[in-house]
Amino acid sequence: MAGPVSPELLALRGRIDELDRELLGLLNRRAALAQQVGELKKREGGTAFRPEREAQVIDGLKAINPGPLGTDSVAPIWREIMSACRALETPTRVAYLGPAGTFSEGAALGYFGSSIVRVPCASIDDVFRCTTAGAADFGVVPVENSTEGVVARSLDLLLHSPLSVVGETSLAVRHNLLRRSDSLDGVTAVLAHPQALAQCHGWLSAHLPQAERRPAASNAEGARLAALDPALAAIASERAGSEYGLHVVAPAIQDEPNNRTRFAIVTHPDRHPTPRACGHDCTSLVVSVPNRPGAVHDMLVPLKNHGVSMTRFESRPARSGQWEYYFYIDLEGHPDDPRVEAALRELRAACAFFKVLGTYPVDLH
């Protein structure tokens, strides 16, 4: 039984309650202004979500944060505030690889906040289809993992899709072994997305060497299936375990402790314009070059000549049967920057195929 509460603690709690009431009043004043902004945008044909504007707001608040609230706490708090205010303007429908409890859902909530209409999809292909058709305003798709590299299907779909990238976010990936019973005994198969199975290869070989490794459409789908069969286990997030009533038999079983996945935010350019420059931007493109000596070198020369940094360079087979490749490139900067604009213009001239996948604020977390 708890002891008596001291007068000092009661006084501090009273001051916190008073501040909470003040905060609620201020948040409602902000929400009222957001409603007015929404009405103006409707009359002027603007869009509710502007990633560069939200990035600038968060950057500005971080710069003036006096503490003791940690600077890293500013972004998630204000994303939720902006999400709630944005929902007053118009509902934001976001498609992602489902079902409930996937890392893709976590990335969507971390980027847009929880005041969204969730549109879980059965596959990455369905995320693209749903967003292209307009059933969702935005799609969230994994594009790269710090352990296993690129997510090939997402890159292939970006090549041919009319969607463009308007944002990115990264998520720390903590894989857990989930099961109906709190034991490793009797596990016949482990279900997860192929990327997750690969990221936990070492742990599975050491602790469940006889168990089948069975690919699933998503980690959360594996968790859903494991909830139906006591002989199955799944690799998924704690949220997925809670969603399907599973025990965390073994936490953090990923082979690399600093495992992160990068997600792209995609949308149709006819419905949402390219973000304006915010000071920390990335331009993603895919190109191919003629199959001749020195072609790849010539492709990179404009970047060097104009001082544009390349932060990612990946190749994918063109599937033409001629040993040709597409190159996926991330550049620092925005096409509104004259250096970037000049480099892109010269790069386009050197390429047999050239497509800008998107320009967007870089995730600094």
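Me: At roughly what angle do the axes of H11 and H12 cross?
Reply: This is a predicted model, and in it the axes of helix H11 (residues 295-305) and helix H12 (residues 338-350) cross at roughly 165 degrees. The axes come within 8 Å.

Me: OK, and what does that make H11 relative to H12, roughly parallel or roughly antiparallel?
Reply: Roughly antiparallel, because angles over 145 degrees count that way. The crossing of H11 and H12 is right-handed.

Me: Which residues make the contact?
Reply: From H11 you have Met299, Pro302 and Leu303. H12 brings Ala343, Glu346 and Leu347.

Me: And how do those split by class?
Reply: The contact of H11 with H12 has five nonpolar residues and one charged, with no polar ones.

Me: Nice. Switching to H1 and H3: how far apart are their axes, and at what angle do they pack?
Reply: Helix H1 (residues 7-44) and helix H3 (residues 71-89) have their axes 8 Å apart and pack at an angle of about 45 degrees. H1 and H3 are therefore oblique to each other.

Me: Is that crossing left-handed or right-handed?
Reply: H1 and H3 cross in the right-handed sense.

Me: Who's touching whom there?
Reply: On the H1 side the contact is made by Leu27, Arg30, Ala31, Ala34, Gln35, Gly38, Lys41 and Lys42. H3 answers with Ile81, Met82, Cys85, Leu88 and Glu89.

Me: How many of the H1 and H3 contact residues are charged?
Reply: Four are charged, alongside seven nonpolar and two polar.

Me: Let's move to the sheet. What's the strand order?
Reply: The order is E8-E7-E9-E6-E10, in an open sheet of five strands with mixed pairing.

Me: Which ones are the edge strands?
Reply: Strand E8 (212-215) and strand E10 (247-250), each of which pairs on one side only. On average, neighbouring strands of this sheet are turned by 35 degrees against each other, ignoring direction.

Me: And E6 with E9, how many bridges do they pair over?
Reply: Three bridges, with strand E6 (residues 176-179) and strand E9 (residues 232-236) pairing in the antiparallel sense.

Me: What stands opposite Asn176?
Reply: That would be Ala236 in E9.

Me: Last one: which strands does H9 lie across?
Reply: Helix H9 (residues 219-226) lies across E6, E9 and strand E7 (189-192). Relative to E9, H9 runs at about 155 degrees.

Notes: Residues are numbered from 1 along each chain as its sequence is written. This is a predicted model: local features need pLDDT of at least 70, side-chain atom pairs count only at pLDDT 80 or more; totals for chains, interfaces and linings use all residues. Side-chain values use heavy atoms; hydrogens and water are left out. Axes are lines fitted to C-alpha atoms, for helices over the stretch in contact, and angles run from 0 to 180 degrees between N-to-C directions. Helices (H or I, at least four residues) and strands (E, at least two) are DSSP runs, numbered from the N terminus. Angles under 35 degrees count as roughly parallel, over 145 as roughly antiparallel, 65 to 115 as roughly perpendicular and the rest as oblique. A crossing is left-handed if the near helix is turned anticlockwise from the far one by less than a right angle, and right-handed if clockwise. Contact means heavy atoms within 4.5 Å. Ala, Val, Leu, Ile, Met, Phe, Trp, Tyr, Cys and Pro count as nonpolar, Asp, Glu, Lys and Arg as charged, and the others, Gly among them, as polar. Two strands pair if DSSP finds at least two bridges between them.
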